[in-house]
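Hi,

Here is the structure I promised to pass on to you.

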Amino acid sequence: MDNKTLAKEILKYVGGADNVKSAQHCATRLRIITKNQDLVDVKAIENLDSVKGSFYNSGQYQIILGTGLVDKVYADFIPLIGQASSVRVEAEEEKEPLTFKRAIRIFGDVFVPIIPVLVATGLFMGLRGLLTQDAILSWFGLTGEDVPTQLIQFTQILTDTAFAFLPALVAWSTFKIFGGTPILGIVLGLMLVNSILPNAYAVASGDAKPLIFFGFLKVVGYQGSVLPAFFTAIAATKIEQGLRKVIPDSLDLILRPFLTLLLGLILGLFLIGPIFHEVEVYVLALVEFLLTLPFGIGGLIYGSFGQLLGILGIHHILGLLEINMLAKDGWNLLNPIGTCGNVAQAGAVLAVGIKTLSNKMKQVAYPSALSAALGITEPAVFGVTLRLGKPFIMSIIGGGVGGFFAAIFQLKATGMGLTGIPGTLLYLNEQLPLYILTNLIAFATAFTLTWMFGYKKDEVL
């Protein structure tokens, strides 16, 4: 659907030109003031291609189109209603308060363009985990040593790239949403994972040491991290917007990119990043403590809230704990509890996908549920459950119930790095039936609660 057709379809479903008082737009949304709100067909509009959602606020019907597209659709929409083009409403001048719900919606908008990449990576990881395990290779009379090195390297490119450079994707999308220059977002995100910076996962496992600046600041790369890149990008866009107002046009091309990247990187490496690094230390100590609690209490708590660590981008620190446990006695107590949260996400998202009346929601939910079942929950969390709110709460409950039973059953993995369906390969002993049962409990709990209480069938993203 081209932009002109989209503008015509929007006009049709808001009740026609006679029902439109005026229209304007901001950085991401087409804002329409209608005469009769009852004539607006919200479901039809939200099912249109390129429409990411809509809502009413302060008497305006606001249709989320995204940066760039909104300008083009607005240009085609205005002639249809016979209105002279109005001045664009800048994002920073919007009067809508920053409520928790709006913050979650903005956070979700950042991840919408990234979801297809994360889903594909989840499938790559799941397939690679299945096809490179000795348990599967033995069916064909092979071992891991029989797999060509070049094939392993090829699969690593498929599985590692998106997450290694996830900060670049997050920063790019954040710059777009907040009105910055997207190419600067890409470069800033790449700076956060530059090869000079020690890999965060390597530091967490003890294979590398962080860089020390000023004698006390510990600096690492932010591979696979979300929030450090997100907040760094927000700060950098605000810096860029401020520079636009004070730098003369003759010097803009030189100074604005230079200062935006310089100041953004300083904030990312020396302020935002170290804050999250300190949080990691406390999280590690807390998780170690939870695993010692009796009667399944620790499993209940970590199974519920462990999912938040991925959102915060500090989950890689737990790799150190898993490695220590495996080195000490050959067992991993964290994996079976943590996997329940992933499977619970799959259950919640599948419930949304089956129940929803929106074809667009189904297109996002089904592949996200499969990806979560394979161990990659970012599409499910950022694309569906966190944006909708209640399904995320139901997934927390499901993960907690599953984690409780994982602790009660004393499940122990023989390795690390695999969860969900591929994770069965870490339990190919007498534990396998209990592992499957535990994950079915987590899945069913989240699915049932989401179906009954967490989602209305006409609710949209």
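The contact of α8 with α9 is where I would like to begin: on the α8 side, Pro 167, Ala 168, Ala 171, Trp 172, Phe 175 and Lys 176 take part, and they meet Pro 182, Leu 184, Gly 185, Ile 186, Leu 188, Gly 189 and Leu 190 of α9. Sorted by class, the residues of this contact are 10 nonpolar, 2 polar and 1 charged. Please keep in mind that this is a predicted model.

As for the geometry, the axes of α8 and helix α9 (residues 182-191) come within 7 Å and cross at roughly 155 degrees. An angle over 145 degrees counts as roughly antiparallel, and α8 and α9 are therefore roughly antiparallel to each other. The crossing of α8 past α9 is right-handed.

On its other contact listed here, α8 has α7 as a partner. Helix α7 (residues 149-164) and helix α8 (residues 166-177) have axes that come within 5 Å and cross at roughly 45 degrees. The two helices are therefore oblique to each other. Here Ala 162, Phe 163 and Ala 164 of α7 meet Leu 166, Pro 167 and Leu 169 of α8. The residues of this contact are 6 nonpolar, with no polar and no charged ones. Pro 167 is worth a look on your screen, as it takes part in the contact with α7 and also in the one with α9.

Another helix pair I looked at is α5 with α18. Helix α5 (residues 115-131) and helix α18 (residues 378-388) have axes that come within 9 Å and cross at roughly 150 degrees. That makes α5 roughly antiparallel to α18, and their crossing is left-handed. In this contact, Ile 115, Leu 118 and Val 119 of α5 meet Glu 378, Pro 379 and Gly 383 of α18. By class, that gives 4 nonpolar, 1 polar and 1 charged residues.

Finally, the overall picture. The protein has 20 helices and 6 strands. Its radius of gyration is 24 Å, close to the 23 Å that the globule rule gives for 461 residues, so the protein is as compact as a globular protein of that length. The C-alpha trace spans about 75 × 55 × 45 Å along its principal axes.

Best wishes

Note on methods. Residues numbered from 1 in each chain as written. Predicted model: local features only at pLDDT ≥ 70, side-chain atom pairs only at ≥ 80, totals over all residues. Heavy atoms only, no water. Axes fitted to C-alpha atoms, helices over the stretch in contact; angles between N-to-C directions. Helix = DSSP H or I, 4+ residues; strand = E, 2+ residues; numbered from the N terminus. Parallel < 35°, antiparallel > 145°, perpendicular 65-115°, else oblique. Contact = heavy atoms within 4.5 Å. Nonpolar A, V, L, I, M, F, W, Y, C, P; charged D, E, K, R; others polar. Left-handed = near helix turned anticlockwise from the far one by under 90°. Rg over C-alpha atoms; globule rule 2.2 N^0.38 Å.
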